[in-house]
Each structure stands twice: as C-alpha cells, then as structure tokens.
Amino acid sequence: MQRHMAYTVVGIALGLGAWSGGVAAQQAPAGRAGGPAAAAADAVTRPALLYKEEWKQPPYTGTLNDANRVVTQDAVTNPRLEVKVYGTAAKEIGVYNHEGRFDLWTGMATSPVAITLRDKANVVDLTGLARLRALVRTQALHTLHPIVKLPDGTMIAGTRGIDTEGNFLSAEVAFTGQRWFKVDPAKVVTTVEVKDPNLSRVDEVGFVDLAPSGGHGNAGWANVSTFELYAKPVPR
C-alpha cells in the first residue's frame with residue numbers, strides 16, 4: 001500500500017513538471033520584444049501630441065475694434081501651422097482674449113463658418129486612438145462639430161457635437177465611431193453622408209459652427225481657444 005502511494009505521488013509530480021515545462025516553452029523569455037502581444041500593445045497606445053496652437057493678437061493700427069481683430073495667419077503662434085477659415089462670413093471671425101487666453105470667436109460671423117489648422121510638413125493619420133483636444137465655448141444652442149479636409153479637397157463634418165452652454169470647457173474628440181457628412185466649403189452647409197471615409201491621410205483638422213452667429217452679448221456664437229492634436233504625422 002505504501003509502495004502504491006509512492007508511485008502515485010511520483011506520477012503526479014512528473015505530470016506537474018511536464019505541464020509547467022510546456023507552459024514555460026510557450027511563454028517568450030522576459031524582455032523579449034515582438035510578437036502578437038507587442039503588436040497589440042502598440043495598437044492601443046495613443047499617439048503623442050503632434051502640435052498645439054494657442055493663438056495671438058495679429059498686429060493692428062488704431063483702436064482694437066472688431067475690424068482689427070479679424071483672424072489672419074499672424075494669429076498663429078506655431079510656425080509649422082496654417083490657419084484656414086471657411087464660409088461666406090469667414091472674414092468676420094475675430095481674435096479675442098477671454099480668461100487670460102486668446103481664442104477665435106465666431107460672434108460677428110453672419111453665416112456658418114469653419115476653422116481648421118494645416119500642418120505644413122505633414123498630413124495626419126486620424127485612425128485608431130487619434131484625438132483632437134481643445135478649450136472651447138458655445139452659447140445659445142450653438143454647437144461645434146469636428147471637421148476635416150481630405151487630400152482630394154473634400155470636407156466632412158462629424159456627428160459628435162460639442163455644446164458647453166456658455167462655459168469654456170476642455171473637449172476631446174475621437175474620430176472613430178461617428179458618422180460623417182460632406183460640407184460645402186463655400187457655404188459651410190452639410191450635404192450627403194460619407195460612408196467610411198479614409199482618415200489615414202487628412203489635410204486639415206478643426207471645428208465647424210453650422211449656424212450664423214448673433215454678435216456681442218448673449219446671442220449665439222462659439223469660441224475656439226487652445227487647440228491640441230494627438231495623431232501620427234504622414235509626410236506630404
């Protein structure tokens with residue numbers, strides 16, 4: 001009986017040793033790079049900050065009024081970026097200072113308008129975990145939507161709207177998982193839905209306000225302040 005129990009214990013020990021050896025053989029050595037696990041880890045890593053824009057007051061002469069605040073390329077602080085504005089009243093978008101920061105304000109624009117930034121050296125890959133983060137404010141039912149310009153010139157706006165109800169808030173936009181609609185760049189109005197657009201090579205990124213604004217005071221308008229894009233660059 002004792003001899004039989006000894007054989008049983010030895011058999012179990014041998015079985016456990018074989019099992020642990022098999023597991024060890026399947027596991028990669030510590031510190032070993034590559035393989036499906038490494039690829040999966042790369043896939044869920046957010047892209048680094050590609051660029052940031054905080055705006056500045058363009059040069060002017062005389063009184064700093066609405067006419068002297070009109071946004072131009074001189075409002076851009078980052079030398080690698082170009083600002084683009086769209087809409088019949090795009091020239092009425094101004095540079096203002098609120099809460100100690102500069103921002104682009106749509107309040108004097110009597111038509112829908114869009115504001116985008118273009119990297120001079122790269123198009124951008126907005127697939128995966130790319131994010132647009134900005135400090136924005138909307139008032140009186142105005143809503144900001146993400147808008148992008150594709151390499152062929154097509155402009156599309158996403159369905160993820162931002163309404164801050166009169167407060168400056170930090171908003172983050174994910175480009176995946178939303179619907180996209182074509183935008184007429186002259187009138188800044190939406191038209192047909194664009195199914196599964198290729199966002200791996202995007203020329204410009206920004207926001208669109210699809211409603212005309214009402215001027216100073218509590219009328220409807222939107223502000224776009226600090227702007228950050230987390231995405232992979234693709235050389236032009």
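**Entry 1: Lys52**

I started at Lys52 and found it in strand β1, residues 49-53. Helices (H or I, at least four residues) and strands (E, at least two) are DSSP runs, numbered from the N terminus. The model is predicted: local features need pLDDT of at least 70, side-chain atom pairs count only at pLDDT 80 or more, and totals for chains, interfaces and linings use all residues. Residues are numbered from 1 along each chain as its sequence is written, and side-chain values use heavy atoms, with hydrogens and water left out.

Buried means under 20% relative accessible area, exposed over 50%, and partly exposed in between (1.4 Å probe, protein chains only).

I then looked up what Lys52 touches. Not counting residues up to four places away in sequence, Lys52 touches Asn78, Leu81, Thr226, Phe227 and Glu228. Contact means heavy atoms within 4.5 Å. Lys52 and Thr226 are 174 residues apart in sequence, yet 7.4 Å apart in space, C-alpha to C-alpha.

**Entry 2: Asp119**

Next I went to Asp119, in strand β5 (residues 113-119). Asp119 counts as buried because its relative accessible area is 2%.

Which backbone nitrogens does the side chain of Asp119 reach? I found Ala121, at 2.9 Å. I also found Asn122, whose backbone nitrogen lies 3.3 Å from a polar atom of the Asp119 side chain. I set aside residues up to four places away in sequence and listed the others that Asp119 touches: Leu50, Tyr51, Arg80, Leu81, Asp203 and Arg236.

**Entry 3: the cores**

I looked for nonpolar cores. Such a core is a set of buried Ala, Val, Leu, Ile, Met, Phe, Trp, Tyr and Cys residues joined through side-chain atoms within 4.5 Å. The largest has 40 residues, and Val205 is one of those with the most contacts inside it. Which strand gives the most to this core? I found β14, with four residues.

Leaving aside neighbours within four places in sequence, its contacts include Tyr51, Leu126, Val148, Phe175, Phe227 and Leu229. A second, separate core has eight residues, among them Ala114, Met155, Ala157 and Val183.

**Entry 4: the whole chain**

I ended with the totals. The chain has two helices and 15 strands. Of its 236 residues, 41% count as buried. Among contacts with a separation of 6 or more, 73% come from residues 24 or more positions apart.

Conventions
A polar contact is a pair of N or O atoms within 3.5 Å; within protein, one must be able to donate a hydrogen and the other to accept it, and residues adjacent in sequence count only if both atoms are side-chain atoms.
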